[in-house]
Amino acid sequence: TMLPSSAVGVCHVLVLVLCLSAAEDFDWAKNDRGSFYYGTFPAGFSWGAGGSAYQTEGAWDTDGKGLSIWDVFSHKKGKVQQNDTGDSSCEGYYKVKDDVSLMKELKLNHYRFSISWPRLIPTGIKSDHVNEKGIQYYDHLIDHLLENKITPIVTLYHWDLPQVLQEKYGGWQNISMVNHFNEFANLCFERFGNRVKYWITFNNPWSVAVEGYETGEHAPGLKLRGTGAYKAAHHMIKAHAKVWHTYDTQWRAKQKGLIGISLSGDWGEPVDISNQKDIEAAERYVQFYLGWFATPIFHGDYPQVMKDFIGRKSAQQGLGTSRLPAFSPQEKSYMKGTCDFLGIGHFTTRYITQKNNPSGRSSSYFTDRDLAELVDPRWPDPGSEWLYSVPWGFRRLLNFVKTQYGNPMIYVTENGVSEKMLCTELCDDWRIHYYKDYINEMLKAIRDGVNVKGYTAWSLLDKFEWDEGYSERFGLYYVDFRNKNKPRYPKASVQFYKRIISSNGFPNQREVENWRRKAVETCSSSNQLLAADPLTSHMEMVTEIVVPTVCTLSILLSAIFLMFLLRRRN
């Protein structure tokens, strides 16, 4: 039986309506910064913490490990604060059992770590040599996590490219990285995939591209302005897609795991919500950051705004083609949908306004965007100079991801806050506030319908912070880097996070305030806790007097020096 034409018409309209509602638009005008929400997360929500190979393992040249670009970069004078290196960092290579017991103490459901490519394949080229001792180390870590009912979430690339691939080919500037990375990933699936069910191809490729190949702040330290970042990103996106297909065709049926990518995204909020130019600039900020990688993976090509802006500026410079590389039709269809879950790393927010950068001869990723970033001086800023606490931006970003990419399954793969302190401080009240407020905004996003399945506190331990060395601490656990044994001490935030995990959220106001009070009481004398270590116990009395005095003295001296400078200038 045929439907009457009027019914066909109704069906047609319905289909149209459905299509339109699936591609819903993000509502820039709606910014509900309401009060704290008391409630719990869905059953089965996964709580975790994370770290990465170069930042925590140490053992940089042990048991046959090859050199990475970070080994070489950090050994060059002047590249890292105080010339710190990750040579030994947290000595995580030797402390698997100790660290897993800390995770057990927190009652974590998952632990996110990365595999060092040169620890497994010293030159990065699989046909050269596979280092079995490196494989044994990760076997030991994975097995130990599983024995303690902690799910491993494994990142394949957290910035430590084998140095040989950098020297021989130019690293991510070269398309040959795609096949080398695919061989490394395939080795990992083959050796660990029977036990690892969550894989992440790249951690924050934005940073690799921009800081590794544009500003040179990170390894390999290249300053290929206006082109280097786009080229590196292009090859990483292709490498991600290839590895996803390798898993999909060769391993998925047997291993039944999931494979995604972890993208970082700060939120960009328009300075003036009623100004269309500011709204466009804010959206451009997010598209040039998160969208640069997410749009090709979910929709098969770069964001239109990136193609337009970089293409126009390239033409104004007199270039024959855009500095943003193009994907072929085959590559677009190959890339689209290569994501089982999306990892989101998020720390902070910026206010964004429109700003025209004239297209001169010099160009860069930053000037291509035509925008200015601002911060509100009232935002708390306890640690890294870039990291302001702006919890409501997290909910906005998660909702943006939901509307832009068809509500994908999300795991928050990094979220946390640092401190910049010369003095030992285990009473990290600001970190408790940060976690409480950011986790609460994530809960609100889940109530908005965002499909968040898990959360990873960043990070389990204080660790090597790239070009900042050890000057910034992100850990729930304090690591005493001056002590050869690198002992770990719990900060107050450990107690607080532990209670969020055991309650699966925030039961009620009285209880949550009680958690905070108890957590801070536990650490009220950080010196006593640090003195629990036999090596420092004989210094207990001294540190109690000396630590505050040294800090006070250094503050006083800085103030006197400043006054002296000011008087000279006057």
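**Exercise 1. How many bridges join E7 to strand E9, and in which sense do the two run?**

Some ground rules come before the solution. This is a predicted model, in which local features need pLDDT of at least 70, side-chain atom pairs count only at pLDDT 80 or more, and totals for chains, interfaces and linings use all residues. Residues are numbered from 1 along each chain as its sequence is written, and side-chain values use heavy atoms, with hydrogens and water left out.

Step 1. Learn the terms. Helices (H or I, at least four residues) and strands (E, at least two) are DSSP runs, numbered from the N terminus. Two strands pair if DSSP finds at least two bridges between them.

Step 2. Find the strands. E9 covers residues 349–354. E7 covers 267–270.

Step 3. Count. Four bridges join E7 to E9, and the two strands run parallel. Gly268 stands opposite Arg350 in E9.

**Exercise 2. Describe the sheet around this pair, and the helices that lie across it.**

Step 1. Three strands form an open sheet, E7-E9-E10, with mixed pairing.

Step 2. Strands E7 and E10 (371–374) are the edge strands, and each pairs on one side only.

Step 3. Axes are lines fitted to C-alpha atoms, for helices over the stretch in contact, and angles run from 0 to 180 degrees between N-to-C directions.

Step 4. Helix H11 (residues 276–299) lies across E7, E9 and E10, at about 130° to E9. Helix H15 (residues 392–404) lies across E7 and E9, at about 100° to E7.

**Exercise 3. Is Arg350 buried or exposed?**

Step 1. Locate Arg350. Its place is in strand E9.

Step 2. Apply the cut-offs. Buried means under 20% relative accessible area, exposed over 50%, partly exposed in between (1.4 Å probe, protein chains only). Arg350 has 9% relative accessibility, so it counts as buried.

Step 3. List neighbours. Contact means heavy atoms within 4.5 Å.

Step 4. Check a polar atom. A polar atom of the Arg350 side chain lies 2.7 Å from the backbone oxygen of Trp386.

**Exercise 4. Trace the pairing through strand E11.**

Step 1. Locate E11. It spans residues 410–415, and six of its six residues are buried.

Step 2. Take one partner. Four bridges join strand E8 (residues 342–345) to E11, running parallel. Here Gly343 stands opposite Tyr411.

Step 3. Take another partner. E11 pairs with strand E12 (residues 452–457) in the parallel sense, over four bridges. In E12, Gly454 is the bridge partner of Tyr411.

**Exercise 5. Which residues touch the most other members of the largest nonpolar core?**

Step 1. Define the core. A nonpolar core is a set of buried Ala, Val, Leu, Ile, Met, Phe, Trp, Tyr and Cys residues joined through side-chain atoms within 4.5 Å.

Step 2. Read off the answer. Among the 157 residues of this core, they are Trp172, Trp199, Trp292 and Met442. Helix H11 gives the largest share, 13 residues.

Step 3. Look at Met442. Leaving aside neighbours within four places in sequence, Met442 is in contact with residues including Phe41, Trp47, Phe394 and Val412.

**Exercise 6. Why is helix H9 largely enclosed by the rest of the structure?**

Nine of the nine residues of H9 (residues 205–213) are buried, so the helix is largely enclosed. Among them are Trp206, Glu211 and Tyr213.

How values were computed:
A polar contact is a pair of N or O atoms within 3.5 Å; within protein, one must be able to donate a hydrogen and the other to accept it, and residues adjacent in sequence count only if both atoms are side-chain atoms.
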